[in-house]
Amino acid sequence: MADRIGQNINVKDKAVLSGNIALNSSTAVTIQAIDLRRIFWSVSNPENFAIYVKLQAASIDNDKNGIYIAGNGYWEMPSGDKYTGEICAIAASDTPEVFTTQY
């Protein structure tokens, strides 16, 4: 009997695109709520200021660590790894705005 390799199937009608989400450099901000059915997630940082994306609730801490995204950068969740919890971000400096895509 052959082994079946599981594949993710988009179970939603369309991707959910956020509006602009304002960050600051002193407090972590939730940029995506928990979604147990999430199979894809990305963040776009079109500003000139670096940000840190953290796979945790914003209430945990305000540290500047996590996934570093340079100004005018982009990051997407790896296809083999699914994180369904809250996602937050904090700016390295200033008040950049980010955009997310999820399905």
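This presentation covers the sheet, the nonpolar core and selected side-chain pairs of one structure.

Good morning. The model is predicted, so local features need pLDDT of at least 70 and side-chain atom pairs count only at pLDDT 80 or more, while totals for chains, interfaces and linings use all residues. Residues are numbered from 1 along each chain as its sequence is written, and side-chain values use heavy atoms, with hydrogens and water left out.

I begin with the sheet. Strands here are DSSP runs of E with at least two residues, numbered from the N terminus, and two strands pair if DSSP finds at least two bridges between them.

Next, the core. A nonpolar core is a set of buried Ala, Val, Leu, Ile, Met, Phe, Trp, Tyr and Cys residues joined through side-chain atoms within 4.5 Å; buried means under 20% relative accessible area, with a 1.4 Å probe and protein chains only. The largest such core has 15 residues, and those with the most contacts inside it include Leu23, Trp41 and Val98. Two or more residues each come from β3, β4, β5, β6 and β8, and β8 gives the largest share, 3 residues.

Which residues does Ser42 contact, leaving aside neighbours within four places in sequence? With contact meaning heavy atoms within 4.5 Å, they are Tyr74, Trp75, Glu76, Phe99, Thr100 and Thr101. Ser42 is found in strand β4 (residues 41–45) and is buried, at 5% relative accessible area.

Finally, two side-chain pairs. Tyr52 and Tyr68 form an edge-to-face aromatic pair, 5.4 Å centre to centre with 65 degrees between the planes; the rule requires ring centres within 6.5 Å, and planes over 60 degrees apart count as edge-to-face. Tyr52 lies in strand β5 (residues 51–54) and Tyr68 in strand β6 (residues 67–69), so the pair ties together parts 16 residues apart in sequence.

The whole structure holds 1 salt bridge, defined as a side-chain nitrogen of Lys or Arg within 4 Å of a carboxyl oxygen of Asp or Glu. Asp61 forms it with Lys54, the closest N and O atoms being 2.5 Å apart. Lys54 is buried, at 2% relative accessible area.

Definitions and conventions
Phe/Tyr/Trp six-rings, centres within 6.5 Å; stacked < 30°, edge-to-face > 60°. Helix = DSSP H or I, 4+ residues; strand = E, 2+ residues; numbered from the N terminus. Buried < 20%, exposed > 50% of the residue type's maximum accessible area, 1.4 Å probe, protein only.
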